[in-house]
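Student: Could you walk me through a few features of this structure? I would like to learn how to read each one.

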Amino acid sequence: MKLARALALALACSAADAPALAAAGPACGADLRGATRGLAESARYAVAFAPQGKPITVGRHFSLELAVCPRAQAAMPSTIKVDADMPLHQHGMNYRATVKALGAGRYRADGLLFHMPGRWRFIFDLAVDGTTERLTREVDVE
Amino acid sequence: MKRRVRRGLCRVLVALLVGMQLDISGAAPDSGLLDFTTAERRSILQHGPWPLRPARDPGNAVAGRTDAIALGQRLFFDPRLSADGTLSCASCHRLDAAFADGQPRSIGREVLDRNAPSLWNAVHERWYGWDGAADSLWSQSMRPILDAREMAASAAHVRRAIAGDAELACRYRRAFGHPPARDDDETALVHAAKAIGAFVGTLVSGRTPFDRFRDALARGDARAASVYPIEAQRGLRLFVGRSRCNLCHVGPMFSNGEFADTGLPFFVRPGVVDPGRHGGIAALQASGYNLLSRWSDEARDGAAATKTRHVDPQHRNFGEFKVPSLRNVADTAPYMHDGQLATLDDVVRHYSELNLDRLHADGLQILVPLKLSDPERADLVAFLRTLSDPTARAWRPPATAAPCRGAPRNR
């Protein structure tokens, strides 16, 4: 059952989320703890994320551990916001996640909850030099 | 000899024909088990196993403690907690109605706005009340006690009711280590609520025909699974399939614990609407008894208060009501937040003939009219009826042991 749930978090790669990537991307957050690890990428950043403890279960709160990896000469973001929505349903979560910096580009996001099975999209907003860079990654949750 | 061979061939032929017929109708040959697909089986298995791991009322240090449960049980059934001595918690959460009350809208000192939800398995829920205005059983317990339209009591009244009864006062002292203090009504109220929360937290219903079917399916025991009525299997297939009921009614509780707009009118009376979850979040955040308050026995930044810290009020919450658990649903008529649907068939018919104009979805319609045929509706209802624990109907509160010894020290 646990294996099934882990498999349920099959990362669904979106074409819009797959720009030309620098070679550093795949290694970002490779040491994150957690049952599954996902990666959101842009030309300038990669954000690796892993649900903590159990795999994501519909209707249960979960936390993410994050690794933010600037590519090339990009600066480390000053803050990061984490959110999620169901693009097809056009609704978000019923909860607002909080993010705590752990140092060295690592963060922990708490208070997330997916209240329906289906395709969700993680949204990572990185604040960099007065602008926001948005990275997204879709996940399927059963 | 020839006759015996011919008879045997006939039997084989009949068996083959019967098998073919079953196969055509969607059941596996030679069994009363539908040919569930791998995806259907995976969905079905997610509704178990049952029972869940034991849970406790959050922020309630006496949850699970025998003395508190015994006190809470007495308080739950005691009408002296109400201002005029006529109403107890059990007035609207009746033993003979699955801890609901069988009324469309409950009747306190007047007819209220909402239907009394069942208390079975409440300890496994995240939010309490149709609007989720409480984040624990103990804080929820205070609402009807203090509500002027319900028990209309006060903290002072509750303290006096406990301190003035030798048995209650003794049990209070056992549960909390001291008698209710005369100069601290509020602590007595919160303690009473925590004792009631501890009692309600013990109300976990047992296994159901569905649970037995689900577990048989999980272990690949087709013989045991085929005992489950075929009409319930067809209803289950609809539930996890075309009807997509399991978008919201997920997991072993058959609820995601959240809130939804189901296209029902939410007028309380002409010109007055029930704001549902929108008002519930406001009430929760304004409450002095939520899990972030000084009355909670757990840390504000602890796991139990995660939901309260992170809940995010949104405009779409207006008119949303809690997605109820479907366990024991056949025993909790009438249905929906204000009891406007009398029977399970009415509920299924509502979703079958949904009025899309009442829904406020911007994107892909989550709820669409199911357009179920009469037999399909009957199948879905047959399935829902298998979610009841038959022993829950006969449940009676455990007899409390010998009278508590010792006179109250402080009135």
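Tutor: We will go through helix packing, the chain interface and some backbone details in turn. This is a predicted model, in which local features need pLDDT of at least 70, side-chain atom pairs count only at pLDDT 80 or more, and totals for chains, interfaces and linings use all residues. Residues are numbered from 1 along each chain as its sequence is written, chains are lettered from A and ligands numbered from 1 in the order written, and side-chain values use heavy atoms, leaving out hydrogens and water.

Student: At what angle do H3(B) and H8(B) pack?

Tutor: Helices are DSSP runs (H or I, at least four residues), numbered from the N terminus. Axes are lines fitted to C-alpha atoms over the stretch in contact, with angles from 0 to 180 degrees between N-to-C directions. Here H3 (residues 66–76) and H8 (residues 185–200) of chain B pack at about 100°, their axes 7 Å apart. That makes H3(B) roughly perpendicular to H8(B) (the class covers 65 to 115 degrees; under 35 is roughly parallel, over 145 roughly antiparallel, the rest oblique).

Student: Which residues of H3(B) and H8(B) meet?

Tutor: Contact means heavy atoms within 4.5 Å. Among them are B:Leu71 and B:Phe76 in H3(B), and B:Ile196 and B:Phe199 in H8(B). By class, this contact has 11 nonpolar, 2 polar and no charged residues (Ala, Val, Leu, Ile, Met, Phe, Trp, Tyr, Cys and Pro count as nonpolar, Asp, Glu, Lys and Arg as charged, the others, Gly among them, as polar).

Student: How do H14(B) and H15(B) cross?

Tutor: The axes of H14 (residues 344–352) and H15 (residues 374–385) of chain B come within 9 Å and cross at roughly 125°. The two helices are therefore oblique to each other. Their contact residues divide into 5 nonpolar, no polar and 4 charged.

Student: What area do chain B and chain A bury between them?

Tutor: Buried area is the accessible area (1.4 Å probe) that two parts lose on being put together, summed over both. For these chains that is about 2,100 Å², 51% of it on carbon and sulfur atoms. The interface has 2 salt bridges (a side-chain nitrogen of Lys or Arg within 4 Å of a carboxyl oxygen of Asp or Glu). A:Glu142 forms a salt bridge with B:Arg42, with closest N and O atoms 3.0 Å apart.

Student: Where are cis peptide bonds found in chain B?

Tutor: One joins B:Gly48 and B:Pro49, with omega about 0°. The bond from B:Trp50 to B:Pro51 is cis too, with omega near 5°. B:Pro49 lies in the loop between H2 (38–45) and H3 of chain B, and B:Pro51 lies in the loop between H2 and H3.
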